[in-house]
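User: I am new to this structure and would like to learn how to read its features one at a time. Could you take me through them, giving the general idea before each case?

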Amino acid sequence: WKMYGLFAVMAAMFLYAMTDFYNGKRSALHREKRKNAGFVLLLAGLYVVLALLSAIFAHDTGSAFLGGYAQYEPIIVLAAYVVIFMFTYFYVNGTETLMFLYGMLVAGIAVLSLIGVTQYLNMDFYGSDIGKSLITLFSNVDSDRVSLKFEPGRVYMSLYNPNYVGSYVILVLPIVAVGMVIFKKMWPKAACAVIALMLVICLIGSGSVTGMTAL
């Protein structure tokens with residue numbers, strides 16, 4: 001379902017961009033970025049071609065093109081990432097827009113961090129009846145059949161695997177930490193500090209050697 005949501009976002013961005021290109025001079029695209037569009041498109045297209053070749057020569061082409069069990073990042077998802085990247089490159093201009101996106105990103109990180117900390121404190125949300133119902137949403141599986149295999153105190157957030165927590169924390173920890181510098185007001189600085197601390201707790205609780213090494 002996350003894959004379908006990604007496709008919906010990609011389709012909306014693609015239609016908006018095509019309409020904008022059609023409008024020509026009235027386009028919202030930044031002029032300087034339009035000049036460099038060929039080079040950026042070439043690099044993005046090269047990535048898509050290489051990914052496509054990888055999928056074509058994969059051992060399991062079905063999974064490579066359509067996704068497989070618990071691994072729904074096939075070639076069409078990679079192509080969606082490229083569309084979103086191109087849209088962001090062309091349309092995200094100005095500090096105000098960047099700070100808005102940054103704030104949304106930090107808010108999402110805060111939610112995952114809070115889930116991770118509760119797991120570290122043996123209060124796993126996904127072990128509750130509501131959490132199990134969310135896991136089995138859009139399926140015919142009875143939520144009572146859900147059982148968690150992780151020992152108490154192990155952090156996996158909503159990322160399915162504690163090792164993924166290590167990789168996620170290392171990617172987002174610097175992004176959150178820099179908020180303590182770029183925000184001018186005290187409350188967002190303090191919020192970023194708290195979130196950064198929660199991320200470290202999540203990393204410790206995950207037991208991810210990969211994450212610890214990267215840190």
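This is a predicted model: local features need pLDDT of at least 70, side-chain atom pairs count only at pLDDT 80 or more; totals for chains, interfaces and linings use all residues.

User: How should I read the way α3 and α5 cross?

Analyst: Two packed helices are described by the angle between their axes and the distance between the axes. Axes are lines fitted to C-alpha atoms, for helices over the stretch in contact, and angles run from 0 to 180 degrees between N-to-C directions. Angles under 35 degrees count as roughly parallel, over 145 as roughly antiparallel, 65 to 115 as roughly perpendicular, and the rest as oblique. Here the axes of helix α3 (residues 37-56) and α5 come within 10 Å and cross at roughly 170°, so α3 and α5 are roughly antiparallel to each other. Among the residues making this contact are Ala37, Ala44 and Tyr47 of α3 and Leu78, Met86 and Phe90 of α5. By class, the contact of α3 with α5 has 16 nonpolar, no polar and no charged residues; Ala, Val, Leu, Ile, Met, Phe, Trp, Tyr, Cys and Pro count as nonpolar, Asp, Glu, Lys and Arg as charged, and the others, Gly among them, as polar.

User: At what angle do α1 and α5 cross, and what is the handedness of that crossing?

Analyst: A crossing is left-handed if the near helix is turned anticlockwise from the far one by less than a right angle, and right-handed if clockwise. The axes of helix α1 (residues 2-23) and helix α5 (residues 75-91) come within 9 Å and cross at roughly 45°, which makes α1 oblique to α5. The crossing of α1 and α5 is left-handed. The residues in this contact include Met3, Phe7 and Asp20 of α1 and Ile76, Tyr81 and Phe87 of α5, and the contact of α1 with α5 divides into 16 nonpolar, no polar and one charged residues.

User: Which residues make the contact between α6 and α10?

Analyst: The axes of helix α6 (residues 95-120) and helix α10 (residues 186-206) come within 9 Å and cross at roughly 45°, and α6 and α10 are therefore oblique to each other. Their contact is made by Val106, Ile109, Ala110, Ser113, Leu114, Gly116, Val117 and Tyr120 of α6 and by Cys192, Ile195, Met198, Leu199, Ile201, Cys202 and Gly205 of α10. Those residues divide into twelve nonpolar, three polar and no charged. Val117, which is found in helix α6, is buried, with a relative accessible area of 14%. The C-alpha atoms of Val117 and Ile201 are separated by 6.7 Å, although these residues are 84 apart along the chain.

User: Which residues of the largest nonpolar core touch the most other members?

Analyst: A nonpolar core is a set of buried Ala, Val, Leu, Ile, Met, Phe, Trp, Tyr and Cys residues joined through side-chain atoms within 4.5 Å. Of the 21 residues in the largest one, Ile109, Met157, Val169, Val176, Ile195 and Leu199 touch the most other members. Helices α6, α8 (162-177) and α10 each supply at least two residues of this core, and α10 gives the most, with seven residues. Apart from this core lies another, of eight residues, among them Ala37, Ala44, Met86 and Phe90.

User: Is Met157 buried or exposed?

Analyst: Met157 counts as buried, at 0% relative accessibility, and lies in the loop between α7 and α8. Met157 has a positive phi of about 50° although it is not a glycine. Phe138 is placed in the loop between α7 (129-135) and α8 and has a positive phi of about 65°, although it is not a glycine; at 59% relative accessibility, Phe138 counts as exposed.

Note on methods:
Residues are numbered from 1 along each chain as its sequence is written. Side-chain values use heavy atoms; hydrogens and water are left out. Helices (H or I, at least four residues) and strands (E, at least two) are DSSP runs, numbered from the N terminus. Contact means heavy atoms within 4.5 Å. Buried means under 20% relative accessible area, exposed over 50%, partly exposed in between (1.4 Å probe, protein chains only).
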